[in-house]
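Biologist: I'm new to this one, could you walk me through how its parts pack together?
Modeller: Gladly, let us look at it together.

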Amino acid sequence: GGKMTKIIRNIFITIFLSLILSIFSFSAFSKGKLTLYCSVEIDVCEILVQAFEKETGINVAMTRKSSGETFAQIKAEGSNPKGDVWFGGTGDPHLTASQEGLTQEYKSKHFDDLLPAAQQQAINGNYRTVGIYVGALGYGYNHELIASKGLPEPTSWEDLTNPVYKGEIQVANPNSSGTAYTTLATILQIFGEEKGWDYMKKLHQNINQYTKSGSAPIKATARGENTIGICFQHDGVKQAKNGLPITVVSPTEGTGYEVGSMSLIAGARNLDEAKIFFDWALSPDTQTLIFTSGKSLQVPANTKAQADPNAPDLSTIKLIDYDFATYGNKDKRAELLAKWDNDVSVIPR
């Protein structure tokens with residue numbers, strides 16, 4: 001009978017071990033997932049995912065879309081949220097999401113080390129969002145094309161409405177792009193609403209294409225497909241740093257800026273992992289990793305992090321006192337986008 005006992009015992013051991021294993025794998029499975037909506041450049045999104053997975057063992061499903069598109073997706077999924085964290089993209093749609101209850105409150109343990117602009121973004125959004133970097137708006141031109149076409153070198157916002165640039169300028173569509181919405185809000189703040197809308201109509205005459213993504217115009221300019229691209233200055237610097245013929249302009253009237261932001265999605269399925277990612281992304285090490293990777297040239301929000309030596313120096317740029325509370329307001333945003341759609345985008349050129 002000893003043989004039979006042995007077999008039964010082995011069966012029990014096997015069942016016991018498989019139970020133990022299934023409990024472990026189940027807990028690893030339930031701990032280890034994060035759905036990330038990423039609105040920075042795809043190469044930066046990939047660096048983030050690889051580093052986070054390696055450090056935490058949490059498995060990340062990442063989708064890259066511009067900030068306007070991501071906002072629209074989170075809104076569409078509002079009754080059945082699929083994402084956990086929204087990382088990057090301009091602050092205005094993050095503020096709008098916070099007002100619509102699409103994101104949830106969380107104050108990072110790194111909050112006290114952040115730049116005032118990054119903290120202010122959290123305060124404006126009732127701690128449903130936070131700044132992760134700061135980037136000044138501007139534009140870049142292809143100096144080889146400017147020379148070969150015999151065009152003047154632009155230095156201001158006003159210059160871009162000069163008819164000599166007809167068909168030479170690209171900017172994104174403010175409905176899909178945070179960069180372009182920041183541009184619209186910046187122009188209205190610099191020139192005043194009435195003159196600002198006149199400006200947008202004049203600029204429209206010189207636009208060859210409204211792109212979906214905010215960084216597409218400066219990439220086309222760097223490739224020589226376009227002469228001037230409106231962009232965040234760091235996106236222009238990135239092209240120049242890669243050896244492409246881009247001259248970056250910080251407009252003489254002054255310029256707006258973005259506080260690139262991060263938000264926890266309301267109703268996130270993987271809330272614990274989302275909070276781990278949130279704190280990890282704001283840590284000095286992660287911020288240094290992102291902003292010295294050569295892929296991202298914004299100013300990091302964490303003051304203990306290092307920036308790229310080529311990053312635009314905010315102390316040398318004339319920044320306007322950008323009114324985030326007004327231009328991040330959901331009703332104001334909807335009103336401005338409708339006006340741009342109806343009064344500007346439809347003008348024949």
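Biologist: Which residues of H2 and H12 meet?
Modeller: Val 44, Ile 47, Leu 48 and Ala 51 in H2 meet Thr 286, Leu 289 and Ile 290 in H12, where contact means heavy atoms within 4.5 Å and helices are DSSP runs of H or I with at least four residues, numbered from the N terminus. Bear in mind that this is a predicted model, in which local features need pLDDT of at least 70, side-chain atom pairs count only at pLDDT 80 or more, and totals for chains, interfaces and linings use all residues. Residues are numbered from 1 along each chain as its sequence is written, and side-chain values use heavy atoms, with hydrogens and water left out.

Biologist: At what angle do H2 and H12 pack?
Modeller: H2 (residues 42-56) and H12 (residues 284-291) pack at about 145 degrees with their axes 10 Å apart, the axes being lines fitted to C-alpha atoms over the stretch in contact and the angles running from 0 to 180 degrees between N-to-C directions.

Biologist: And how do H7 and H8 cross?
Modeller: Their axes come within 7 Å and cross at roughly 130 degrees. H7 and H8 are therefore oblique to each other, a class for angles left over once those under 35 degrees (roughly parallel), over 145 (roughly antiparallel) and 65 to 115 (roughly perpendicular) are set aside.

Biologist: Which residues make that contact?
Modeller: On H7 they are Leu 184, Ile 187, Leu 188 and Phe 191, and on H8 they are Glu 193, Lys 195, Gly 196, Trp 197, Tyr 199 and Met 200.

Biologist: Switching topic, what does Leu 160 touch?
Modeller: Not counting residues up to four places away in sequence, Leu 160 touches several residues, among them Tyr 139, Pro 154, Ile 169 and Ile 230.

Technical notes
Helices (H or I, at least four residues) and strands (E, at least two) are DSSP runs, numbered from the N terminus.
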